[in-house]
Amino acid sequence: MLTLLEQLDKGHLWRSPGGIHPPELKTLSNQSVISSLPLPSRFVVPVPLVGQLAIMSVKVGDHVLKGQALTEGAGFTYLPVHAPTSGVVVAIEQHNSNHASTLPVLSCIIEADGLDTWCELIPNQLEQLSKSAILDKIKQAGIAGMGGAAFPSHVKLNPASEIDLVIINGVECEPYISADDRLMRDYSDEILTGISIIHQLLNPQRIVIAIEDNKPEAAKAMQAAITRSTLPNDIIRVTVIPTKYPSGGEKQLIQIITGKEVPSGAIPAQLGIVMHNVGTAYAIQEAVLQGKPLIERVVTFTGERVGKPGNYWLRIGTTVADALNQVNFAPDNGQKVIVGGPMMGYALADLDVPILKGTNCLLTPSQAEIAPDADEKACIRCGECAVACPALLLPQQLFWHAKAEEYDKAASFNLKDCIECGCCSYVCPSDIPLVEYYRVAKSALKNTAEEKLQAERAKQRFEVRLQRLEDEKTAREEKSKQAAAKRQANMKSSDKDAVAAAMARIAAKKAQTADATKDSVTTHTNITDAPSVAVDSPDAKKTAVSAAIERAKAKKAAIAAQSLADKQADVTEATADHSADNIDDKKAKIAAAVARAKAKKAGLANESAATDNPAEAINNPSATDSSINAAPVDDKKAKIAAAVAKAKAKKAALANELTQTDESAVSSTVVNQAIKTASDVDMTNSEAPIDDKKAKIAAAVAKAKAKKLANSAKQEE
């Protein structure tokens, strides 16, 4: 059985699944050699990596030279941006991008000076350069994949694994496009020089230049260049493959050449294979040997609305509008300008957008060349899309999930493996723009993944912050513990002395307080015993104020006693009136009135004694004190007398009631009323604020007599 390398040498090919055969339409632009267009006066150079991987090295007003770097950076995937011509930087601003969305991107606007002066270029000899130096020159030249993906070439040329096979892609399978075809026919030797540089970097066992069989002139030109190159003929060969779209896709071409299928989510380098475009090989030789950065590329101008179709060298940053004006563009009503081919290209909404490193074609079809957009119809489930899919996917399932915005389910059907070739849309009888649905679904999944990534990063930052705060707290606690331990160690030696000193201070303070108290007591005694102290003395004033306060208290007590006596008399009178309506109780009322008069007279006498002569009270404190002490005594006597009088009146009322009513009239109601009356008197006496044993005894005696009378009345009944 032959090995893979032996099969490659024999030119054995494998079939790839799916694919279509659309009209080629390449003869419109591949009949003339590559030429150049006049230099425009304005360039728009996108610098999308600024702020992420790079910084601007120029500012508005600076004069730049052709090939001068406009940005600086050191990231692994960073690619510098260069000035396409000499001139002045007139603006650094957001400008519409060369994309279907035309979203703005940061761009450097350069006004050309017309001199087209190069910056300093440093030519090199390939034999004098190491691999790292070659890679650095390729990186600093800003070389990216020229087939359309624009992936940094220095990353592909520095793989992590060993490379056995290098494929140079010259298939260019999409209709209308002929840039690579003319480049191989016009610059075959330069392409072979670039391939030799790639061989020096990767040292593969085989190099295959793949070309479709609809480009016989390009295949002959490359075969002739191989014979003129320094590469061994047993290492490099030209392989012609059948024409079928999309044979130029990376994974499809690898399967056709080697029969190997790149796994989902993997890259060809994991199979020991690396693929580069013929335009990339040409740019590599210019960068390494001549020191030229990537500032121009070959672009195909085609379509019936272009007056001078063909392939032209265009500077990166030239606007599409300026380029089309130089090839006699005559637009129709509703004219479309498509970047790329009719299968994978996209229409521009604004022509004031720049040419990029991956721009290989500007298609301006007439209405006869391209049908107008048809209305989308319902899917008839014919299955033609699945037959045409070169990635062996299920386009119908992807369409349903994408249309229902079930992007997770679409991803489960390997949506990421879709190369957006457009074969499914081309064969769909219902005119469903399947690729557009897939692009929307991919964008949604990309946004979701980005949001998850940002959320994860935010979570990590939050956890790091919490850990930092915890570490700071632990450090503070440890520092506090160390400080406390240090203070405790310092206090051990002087702790006893400090305690002794504190105890001494406390003892001294207590002694001082005792002396002050003793002196105060002595002074107070002297003031009390000496009645002849001057009125103007502060201590005398204090004594007078105290006496006035005591008088006020005595007056308040007398008023309270009078009020209590009045209440007791009223209660007694009401009880007597209620118990015996026909009894002549004038004597009892007179006695109660006399008692009240005596109590009132005693209160007035006390008040007059306390307030009529304040000067005498101040000059004679002992007399004032005697009056104050005597007032409560007289008060108590008056209250006792009032209570005795009320008791006597109650007794007389009960006696009269018992003698003047017949036996039938004496009932339990009278007895209960008598007991109640006695109880009321007792309760009234208990509420009085009289702290006197005699008054209490008198009240108890009155209650006992009332009870005795009540019992006698019951026995008689």
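Which residues does G259 touch, not counting residues up to four places away in sequence? With contact taken as heavy atoms within 4.5 Å, G259 touches W14 and I254.

The model is a predicted one, in which local features need pLDDT of at least 70 and side-chain atom pairs count only at pLDDT 80 or more, while totals for chains, interfaces and linings use all residues. Residues are numbered from 1 along each chain as its sequence is written, and side-chain values use heavy atoms, with hydrogens and water left out.

G259 sits in the loop between α7 (250-258) and β11 (273-277), where helices (H or I, at least four residues) and strands (E, at least two) are DSSP runs numbered from the N terminus. Its C-alpha lies 7.8 Å from that of R15, although 244 residues separate the two in sequence. G259 is partly exposed, at a relative accessible area of 38%, the scale being buried under 20%, exposed over 50% and partly exposed in between (1.4 Å probe, protein chains only).

The protein chain as a whole is summarised below.

| Property | Value |
|---|---|
| Secondary structure | 20 helices and 16 strands |
| Buried residues | 41% of 717 residues |
| Accessible surface (Shrake-Rupley, 1.4 Å probe) | about 38700 Å² |
| Carbon and sulfur part of that surface | 55% |

A nonpolar core is a set of buried Ala, Val, Leu, Ile, Met, Phe, Trp, Tyr and Cys residues joined through side-chain atoms within 4.5 Å. The largest one has 47 residues, of which I191, L192, I195 and I209 touch the most other members. Elements that each supply at least two residues of this core include α5 (188-202) and β9 (206-212). Apart from this core lies another, of 22 residues, among them I167, C173, I273 and M343.
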